[in-house]
Amino acid sequence: MAVTFDQAKRCPKCDNPGEQDVVRNGPDYKLYTFICRNEACAWFGTGWVVQRMDDGTIPEREPSREKSFPAIPGMTQEKAIKSLKQTAKDEERGLRGR
Ligand SMILES: [Zn+2]
């Protein structure tokens, strides 16, 4: 079944509607960026991109892959992994400091 824009703008993790951020224009579509504002969500502050064709349809995506690695300008998969590692390091340091 096709995804509606209303569904696509919901956070893939917590299902809450994301806050609309940047909108980019393509030749026959728009790319909407949404950011999760649910502080309890693992994706808090994380964005995802929704492509919406000019006729209002949302192209089918390969569900799992795109959801695990949202396409955010400036946030590559490499950077995301790096920041995850940094978080783990900080946590380790915090534990030792106690
Ligand atoms: Zn969320």
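What share of the contacts in the chain between residues at least 6 apart in sequence join residues at least 24 apart? The share is 33%, where two residues count as in contact if their C-beta atoms, placed from the backbone, lie within 7 Å.

Before we go on, a word about the model. It is a predicted model, in which local features need pLDDT of at least 70 and side-chain atom pairs count only at pLDDT 80 or more, while totals for chains, interfaces and linings use all residues. Residues are numbered from 1 along each chain as its sequence is written.

## The overall plan

Let us start with the parts. The chain has three helices and three strands, and reading along the sequence gives the pattern α-β-β-β-α-α. Here helices (H or I, at least four residues) and strands (E, at least two) are DSSP runs, numbered from the N terminus.

How much of the chain is buried? Buried residues make up 8% of the 98 residues. A residue is called buried if 20 or more other C-beta atoms lie within 10 Å of its own, exposed if 12 or fewer, and partly exposed in between, with C-beta atoms placed from the backbone.

The three strands form an open sheet with the order 1-2-3 and antiparallel pairing. Strand 1 (19–25) and strand 3 (47–53) are the edge strands; each has a single partner strand, so one side of each is left without a neighbour in the sheet. On average, neighbouring strands of this sheet are turned by 25 degrees against each other, direction ignored. For that angle, axes are lines fitted to C-alpha atoms (for helices over the stretch in contact), and angles run from 0 to 180 degrees between N-to-C directions.

Now for the pairings, where two strands pair if DSSP finds at least two bridges between them. Strand 1 and strand 2 (residues 29–35) pair in the antiparallel sense over five bridges, and a hairpin of three residues joins strand 1 to strand 2. Strand 2 and strand 3 are also antiparallel, pairing over seven bridges.

You can follow some of the partners residue by residue. N25 has K30 in strand 2 as its bridge partner, and V23 is bridged to Y32 in strand 2. Q20 stands opposite F34 in strand 2.

## Residues to look up

C36 lies in the loop between strand 2 and strand 3. Is C36 buried or exposed? C36 counts as buried because it has 24 C-beta neighbours inside 10 Å. Leaving out residues up to four places away in sequence, C36 touches C11, K13, C14, N16, G18, C41, W43, F44, G45 and T46.

G47 belongs to strand 3. G47 is buried too, because 20 other C-beta atoms lie within 10 Å.

A8 sits in helix 1. With 19 other C-beta atoms within 10 Å, A8 is partly exposed. Apart from neighbours within four places in sequence, A8 is in contact with V3, V50 and I58.

T4 is found in the segment before helix 1 (5–8). T4 is exposed because it has 12 other C-beta atoms within 10 Å.

D15 is in the loop between helix 1 and strand 1. D15 is exposed, with 11 other C-beta atoms within 10 Å.

## Apart in sequence, and in space

Some of these residues can be paired with others elsewhere along the chain. The table gives the separation of each pair in sequence and from C-alpha to C-alpha.

| Pair | Separation in sequence | C-alpha to C-alpha distance |
|---|---|---|
| T4 and G56 | 52 residues | 8.5 Å |
| A8 and V50 | 42 residues | 6.4 Å |
| G47 and V22 | 25 residues | 9.9 Å |
| C36 and K13 | 23 residues | 9.0 Å |
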